[in-house]
Amino acid sequence: MTRNLFVFGTLKKGFPLHEQGLSRASFLGIFQTRQCYPMLIAGPWFAPMMFNEPGIGHRVIGELYQPDDDTIASLDRLESIGMPGNLRVVLEVEPVAGGPICSALAYMKSRRLAHPVHSTYLRVYEDRRFIPFDRRGQDVPGLASNTRRQKCGGEADG
């Protein structure tokens, strides 16, 4: 069975997890959530996180894909579905350029995983500080200084 998947962060084209996660899925276009959701950058790896709290934040802009069941299963592992605080939910999205509304899966996190927080709520994820899995055991230049700097200032809404 094929279903739609809305991605807003590191799974988008040109971001670190796209090739690993969605390179074989059909791209359907640029979409936005019908409702506002809180999306921000958080955690020790500077990950984009969206919370299942409709009515807070912004209408988040992302990409819509049509992955197969094997891709969804692989993404569920990548997104730690089944572990506390890691969610796969259904939401409504619509094309940014206009068009019909459709349902899509989206990967969301629990707020308790969002520590430390590195940004305010974002409409579009464009941040490049995400630390990929293969670099997490290494000393990452600038990680400590980035963390200190972001605690003070944060990032403006996109």
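Begin by selecting Phe6, Leu22, Met50 and Leu91, the residues with the most contacts inside the largest nonpolar core, which has 34 residues. A nonpolar core here is a set of buried Ala, Val, Leu, Ile, Met, Phe, Trp, Tyr and Cys residues joined through side-chain atoms within 4.5 Å; buried means under 20% relative accessible area, exposed over 50%, and partly exposed in between (1.4 Å probe, protein chains only). The model is predicted: local features need pLDDT of at least 70 and side-chain atom pairs count only at pLDDT 80 or more, whereas totals for chains, interfaces and linings use all residues. Residues are numbered from 1 along each chain as its sequence is written, and side-chain values use heavy atoms, with hydrogens and water left out.

Next, colour the elements that supply at least two residues each to this core, among them strand 1 (5-7), strand 5 (61-66), helix 2 (69-78) and strand 7 (102-109). Strand 7 gives the most, with 5 residues. Helices (H or I, at least four residues) and strands (E, at least two) are DSSP runs, numbered from the N terminus.

Return to Leu22 and display its surroundings. Beyond its neighbours within four places in sequence, Leu22 is in contact (heavy atoms within 4.5 Å) with Leu5, Val7, Leu11, Leu17, Tyr65, Pro67, Thr71 and Leu75. Then select Leu40, Met49, Phe51 and Ala114, which are included in a second, separate core of 5 residues.

Arg88 counts as partly exposed, at 38% relative accessibility. Its side chain makes a polar contact with the side chain of Asp76 at 2.6 Å. A polar contact is a pair of N or O atoms within 3.5 Å; within protein, one must be able to donate a hydrogen and the other to accept it, and residues adjacent in sequence count only if both atoms are side-chain atoms. Ala106 is 18 residues from Arg88 in sequence, with the C-alpha atoms 5.6 Å apart.

Select Phe15 and Tyr125 next. Their ring centres are 5.2 Å apart and their planes stand at 45°, so the pair is tilted. Rings of Phe, Tyr and Trp (its six-membered ring) pair if their centres lie within 6.5 Å; planes under 30 degrees apart count as stacked, over 60 as edge-to-face and the rest as tilted. Phe15 is buried at 11% relative accessible area, and Tyr125 is buried at 1%.
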